[in-house]
Amino acid sequence: MSLFNIISDYIVGPCFRNITSNDKTIYLTFDDGPNSYCTPKVLDLLNKHNAKATFFIVGNNIRENMNVFNRILEDGHSIGNHSIDHSTTIFFKGKTALSKWINQGENIIAKYSGGASVGFRPPVGIRTPELRLIMKQKSEKPIMWQHRYYDTKRDFTNEIWIRRFHRIKSGDIILLHDTHKQADVFLASLDSFIQKLNEDGFQLKAISNINPI
Ligand SMILES: [Zn+2]
């Protein structure tokens, strides 16, 4: 673990960045959906490779995209709680408000999926001492990531993932987003990324049964 991660975990508590696995496994995660323009294309691609993933959804997106939400479940992927509305200011409004807000995201997932999410991922990866206390009370750890490619800030191209591919280890959680309006470059690169992972013997699985810890 990097020194930065050691220090941040000391201050804001432990989290999952990888999941110990006996198999050679990678956990792709897609944040900020579901939506009608990109999520179905990501689902098609995952199906093509027989790959499973975890979708950290924004609760308020569910109702307008019920078909897509249901398809995520039917295709055998996991659902994570990425909050009800992707607020970032809530982290500075006290522990009670923060806890209620996390539960709102969890409750809407339970309402429409009939089950619990696999865990919470804070918007923009914000972790605070208050979040640490809430997670501890729930006997949970937030689900973060080992690798990110800033795919909402710049094109996710082959060049970007190939350069850092050697860093990927079994059990790593990878952060991507299913929010690309112009998804062609993203999907083409994701296609070759998944193919390379498979060629290197990695299985792509959905996160399950890690929370409560
Ligand atoms: Zn997000």
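**Packing, contacts and backbone geometry of the predicted model**

With 18 C-beta neighbours inside 10 Å, Ile168 counts as partly exposed; a residue is termed buried if 20 or more other C-beta atoms, placed from the backbone, lie within 10 Å of its own, exposed if 12 or fewer, and partly exposed in between. The structure is a predicted model, in which local features need pLDDT of at least 70 and side-chain atom pairs count only at pLDDT 80 or more, while totals for chains, interfaces and linings use all residues. Residues are numbered from 1 along each chain as its sequence is written.

Ile168 is located in the loop between helix 6 (158-163) and strand 5. Helices (H or I, at least four residues) and strands (E, at least two) are DSSP runs, numbered from the N terminus. When residues up to four places away in sequence are not counted, Ile168 touches Ile26 and His147, where contact requires C-beta atoms, placed from the backbone, to lie within 7 Å. Ile168 is 110 residues from Val58 in sequence, and the two C-alpha atoms are 27 Å apart in space.

The largest nonpolar core has 48 residues. Such a core is a set of buried Ala, Val, Leu, Ile, Met, Phe, Trp, Tyr and Cys residues joined through C-beta atoms within 7 Å. Leu28, Phe55, Ile143 and Ile174 have the most contacts inside this core. Two or more residues each come from strand 1 (25-31), helix 2 (39-48), strand 2 (54-57), helix 3 (66-74), helix 4, helix 5, strand 5 (173-177) and helix 7 (184-199). The most is given by helix 7, with five residues. In soluble globular proteins, nonpolar side chains tend to be buried together. Ile174 touches Ile26, Tyr27, Leu28, Thr29, Trp145, Gln146 and His147, with residues up to four places away in sequence not counted.

Helix 4 (residues 95-113) and helix 5 (residues 129-137) have axes that come within 10 Å and cross at roughly 55°. The helices are therefore oblique to one another. Axes are lines fitted to C-alpha atoms, for helices over the stretch in contact, and angles run from 0 to 180 degrees between N-to-C directions; those under 35 degrees count as roughly parallel, over 145 as roughly antiparallel, 65 to 115 as roughly perpendicular and the rest as oblique. The crossing of helix 4 and helix 5 is right-handed, the near helix being turned clockwise from the far one by less than a right angle. Helix 4 contributes Lys95, Leu98, Ser99 and Ile102 to the contact, and helix 5 contributes Glu130, Leu131, Leu133 and Ile134. These residues divide into five nonpolar, one polar and two charged, where Ala, Val, Leu, Ile, Met, Phe, Trp, Tyr, Cys and Pro count as nonpolar, Asp, Glu, Lys and Arg as charged, and the others, Gly among them, as polar.

Ala206 and Ile207 are both found in the segment after strand 6 (203-204). Ala206 is buried, with 21 other C-beta atoms within 10 Å, and Ile207 is buried with 24. Apart from residues up to four places away in sequence, Ala206 touches Lys52, Ala53, Thr54, Gly76, His77 and Ser78. Ile207, leaving aside neighbours within four places in sequence, is in contact with Ile19, Tyr27, Thr54, Ser78, Val118 and Ile143. Most residues other than glycine have a negative phi, and most peptide bonds are trans. The peptide bond from Gly33 to Pro34 is cis, with omega near -5°, and Pro34 lies in the loop between strand 1 and helix 2. A cis peptide bond also joins Asn211 to Pro212, with omega near -5°; Pro212 is in the segment after strand 6. Asn50, in the loop between helix 2 and strand 2, has a positive phi near 55° and is exposed, with 11 other C-beta atoms within 10 Å. Ser83, in the loop between strand 3 (78-81) and helix 4, has a positive phi of about 90° and counts as buried, with 23 C-beta neighbours inside 10 Å.

Technical notes: Contact = placed C-beta atoms within 7 Å.
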